[in-house]
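Please look over the sequence and the model below before reading on.

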Amino acid sequence: MTKEKFEEDSATLYRFIKTYCDNKHTQSPKLESSLCAECDHMFNYAIQRLKECPHEIKPSCRKCLSPCYEKSMWKKMAHIMMYS
């Protein structure tokens, strides 16, 4: 994955998670990233998985034959993305 593609995908992930966090976790204290601790953890998890993606051209996670997300985290991310 190119640096530009990684940065674009990272920014997209952040926007999805920020939208979800701003609307669902309004009472949670925000960290420096302006996400609550739960959403910050999710973002960091997603970024780590994105960094470790073995595919030259990254497929949609839904269509990936070798998913790198744990099933529970994949479900959380799918929920966040559908909401956002």
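## The surroundings of His25

Leaving out residues up to four places away in sequence, His25 touches Tyr20, Lys30, Cys36, Glu38 and Cys39, where a contact means heavy atoms within 4.5 Å. His25 itself lies in the loop between H1 and helix H2, which covers residues 37-51. With a relative accessible area of 14%, His25 is buried; the word buried stands for under 20% relative accessible area, exposed for over 50%, and partly exposed for what lies in between, using a 1.4 Å probe and protein chains only.

The structure is a predicted model, in which local features need pLDDT of at least 70 and side-chain atom pairs count only at pLDDT 80 or more, while totals for chains, interfaces and linings use all residues. Residues are numbered from 1 along each chain as its sequence is written, and side-chain values use heavy atoms, with hydrogens and water left out.

## The chain as a whole

The protein chain has three helices and zero strands, and from the N terminus on its elements run α-α-α. Helices (H or I, at least four residues) and strands (E, at least two) are DSSP runs, numbered from the N terminus.

How does the radius of gyration of the protein chain stand against that of a compact globule with 84 residues? Such a globule would have a value near 12 Å, and the protein chain has 13 Å, which agrees; the radius is taken over C-alpha atoms, and the globule rule is 2.2 Å times the number of residues to the power 0.38. Along its principal axes, the C-alpha trace spans about 40 × 25 × 15 Å. Buried residues make up 29% of the 84 residues in the protein chain. Of the contacts in the protein chain with a separation of 6 or more, 52% are between residues 24 or more positions apart.

## Helix H1 against helix H3

Two packed helices are described by the angle between their axes and the distance between the axes. The axes of helix H1 (residues 3-24) and helix H3 (residues 71-83) come within 9 Å and cross at roughly 80°, which makes H1 roughly perpendicular to H3. Here axes are lines fitted to C-alpha atoms, for helices over the stretch in contact, and angles run from 0 to 180 degrees between N-to-C directions. Angles under 35 degrees count as roughly parallel, over 145 as roughly antiparallel, 65 to 115 as roughly perpendicular, and the rest as oblique.

On the H1 side, Leu13, Phe16, Ile17, Thr19, Tyr20, Asn23 and Lys24 meet Met77, His79, Ile80, Met81 and Tyr83 of H3. By class, this contact has eight nonpolar, three polar and one charged residues, where Ala, Val, Leu, Ile, Met, Phe, Trp, Tyr, Cys and Pro count as nonpolar, Asp, Glu, Lys and Arg as charged, and the others, Gly among them, as polar. Thr19, found in helix H1, counts as partly exposed at 34% relative accessibility. Not counting residues up to four places away in sequence, Thr19 touches Tyr83 and Ser84.

## Helix H2 against helix H3

H2 and H3 pack at an angle of about 110°, with their axes 11 Å apart, and that makes H2 roughly perpendicular to H3. The contact is made by His41, Met42, Tyr45 and Ala46 of H2 and by Met73, Lys76, Met77 and Ile80 of H3. By class, the contact of H2 with H3 has six nonpolar, one polar and one charged residues.

Met73, placed in helix H3, is buried, with a relative accessible area of 8%. Leaving aside its neighbours within four places in sequence, Met73 is in contact with His41, Met42 and Tyr45. Met73 and Tyr45 are 28 residues apart along the chain, and their C-alpha atoms are separated by 8.6 Å.

## Arg49 and the cysteines

Arg49 is found in helix H2 and counts as buried at 18% relative accessibility. Not counting residues up to four places away in sequence, Arg49 touches Cys68, Tyr69 and Glu70.

How many disulfides does a search of the whole structure find? The search finds zero, a disulfide being a pair of cysteine sulfur atoms within 2.5 Å. For Cys53, the closest cysteine sulfur is in Cys68, at 6.0 Å, which is too far for a bond. Cys53 is buried, with a relative accessible area of 18%, whereas Cys68 counts as partly exposed at 35% relative accessibility.
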